[in-house]
Amino acid sequence: MQKYNIEIKVNGKNYELEVNSNTLLVEVIRDQLLLNGTKNACNNGECGSCTVIMNAKSVLSCLILAADCNGAEITTIEGLSNDLNKLHPIQEAFVEKGAIQCGFCTPGMILSAKYLLDTNPDPSEEEIKIGMSGNLCRCTGYVKIIEAVKEASRKIKK
């Protein structure tokens, strides 16, 4: 199996890694960098639990080969807040609105919300539904998630 040397920046920290040609980005994040907030549930891009932000875009890390990430800048749920003692406003809103049940989908949901609010700081409810449509949750019924994104938008605008 062919190996590749890659350089990536994850949550502001630079890494030089050796990866196999078939290694997925989610595997690098979880297994090599030990950042376990990014979940690998469906492994085929249908659930959104592996969502990260790469080069300012929301991506499904279970569909991206790590070898294709050379030079990429990636944010995972662990890198969302600059202060380890304080939640990001989106995280706060998810907690306040009860948008977290089992929590498995939450990191992907929050990063999708971050991308949505970075690109559209004041989304309508319909825009939130569309922006979050790639993320599946088996517990909440989505109403509280939509409310959390609306609240996060208010918090970020302050």
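**Close-up views of a predicted model**

**View 1. Surroundings of T76.** T76 touches V10, N11, I29, L35, T38, V52 and L111, leaving out residues up to four places away in sequence (contact: heavy atoms within 4.5 Å). This is a predicted model: local features need pLDDT of at least 70, side-chain atom pairs count only at pLDDT 80 or more, and totals for chains, interfaces and linings use all residues. Residues are numbered from 1 along each chain as its sequence is written, and side-chain values use heavy atoms, without hydrogens and water. T76 lies in the loop between β5 (73-75) and α2 (89-96) (DSSP runs numbered from the N terminus; helices are H or I, at least four residues, strands E, at least two). T76 is buried, at 0% relative accessible area (buried: under 20%, 1.4 Å probe, protein chains only). Its side chain makes a polar contact with the side chain of N11 at 2.8 Å (a pair of N or O atoms within 3.5 Å, one able to donate a hydrogen and the other to accept it).

**View 2. H88 in the loop between β5 and α2.** H88 is buried, with a relative accessible area of 14%. Its side chain reaches the backbone nitrogen of I90 at 3.0 Å. H88 also touches L80, S81, K114 and I156, not counting residues up to four places away in sequence.

**View 3. Packing of α3 on α5.** Helix α3 (residues 106-119) and helix α5 (residues 143-157) pack at about 45 degrees, their axes 11 Å apart (axes are lines fitted to C-alpha atoms over the stretch in contact; angles run from 0 to 180 degrees between N-to-C directions). The contact is made by M109, A113, L116 and L117 of α3 and I145, V149, A152, S153 and I156 of α5.

How values were computed:
Buried means under 20% relative accessible area, exposed over 50%, partly exposed in between (1.4 Å probe, protein chains only).
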